[in-house]
Amino acid sequence: MLKMFKAVPPSYDLLNRILTLRMDEKWRKRAAVECLSGNPKEVLDLCTGTGDLALRLRKSATPATVVSALDYSPPMLERAKIKARKSGIEGINFIHGDVADLPFSENRFDVAGIAFAFRNLTFHNPDRDTFLKEILRVLKPGGRLVIVETCQPTNKLFRSLFHFYMKWITVPIGGIISGHYGAYRYLAHSASNYWNCHEASAFLSASGFSKVKAFPLLGGISAIYVAVK
């Protein structure tokens, strides 16, 4: 999977905008608002990718809020840094690291956010329990995990259309523009077979989080989850 995320960065942002009709930007904005509620002192953007969530956090947070952004793909991180410089945004701590072994002390962060990467950590991933334990470890007691991720529409017809779109629109367009069909076949397969809101909430509760709330987006195509340590 690391090879895949090293290959797709040049077209990653463009395809996100095309394939979601720019709705991914609105959903990240909503997740950023949730992350910053209560004026947290330290916020961590996990699996930051090209930095979209981290940049929104930095622009919207108070100057006193410390924003850190971690990813295990050096090309993704480099692209995130370039975007920050071009946007004139300073004050993000970009960190190369693995969610399985986070380079932070216990009980450090008030909030951890993750945008469209939680699925990669948990979909048929044998290390998913390790990932969740590490996230819990670095959150303060009472700290929150905010997730925005693909989901499953509750309406059967809408769900079928969503799966059709992923297989017959996302894969061809993503493959042609990026040149990496495998990455977008994985995206389509994992998104079409991922948890619904109830299943994802149950997993978070079983992993040690409490007060788990799910907020479906656009009929359940995606959802925002908020879970408390």
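## Exercises on a predicted model

A polar contact (a pair of N or O atoms within 3.5 Å; within protein, one must be able to donate a hydrogen and the other to accept it, and residues adjacent in sequence count only if both atoms are side-chain atoms) of 2.5 Å links the side chains of Asp-24 and Arg-17. The model is predicted, so local features need pLDDT of at least 70 and side-chain atom pairs pLDDT 80 or more, while totals for chains, interfaces and linings use all residues. Residues are numbered from 1 along each chain as its sequence is written, and side-chain values use heavy atoms, without hydrogens and water.

**Exercise 1.** Describe how α3 and α4 pack, giving the angle and distance between their axes.

*Solution.* 
1. The axes of α3 (residues 23–36) and α4 (residues 52–60) come within 9 Å and cross at roughly 50°. Axes are lines fitted to C-alpha atoms, for helices over the stretch in contact, with angles from 0 to 180 degrees between N-to-C directions.
2. That angle makes α3 oblique to α4 (under 35 degrees is roughly parallel, over 145 roughly antiparallel, 65 to 115 roughly perpendicular, the rest oblique).
3. On the α3 side the contact is made by Glu-25, Arg-28, Lys-29, Ala-32, Cys-35 and Leu-36, and on the α4 side by Asp-52, Leu-53, Arg-56, Leu-57 and Ser-60.

**Exercise 2.** Where do Asn-39 and His-124 lie, and are they buried or exposed?

*Solution.* 
1. Most residues other than glycine have a negative phi.
2. Phi of Asn-39 is near 50°, a positive value; Asn-39 is in the loop between α3 and β1 (42–46).
3. Asn-39 has 58% relative accessibility and therefore counts as exposed.
4. His-124 has a positive phi of about 50° and lies in the loop between α6 (118–122) and α7 (128–138).
5. The relative accessible area of His-124 is 68%, so His-124 is exposed.

Methods: Helices (H or I, at least four residues) and strands (E, at least two) are DSSP runs, numbered from the N terminus. Contact means heavy atoms within 4.5 Å. Buried means under 20% relative accessible area, exposed over 50%, partly exposed in between (1.4 Å probe, protein chains only).
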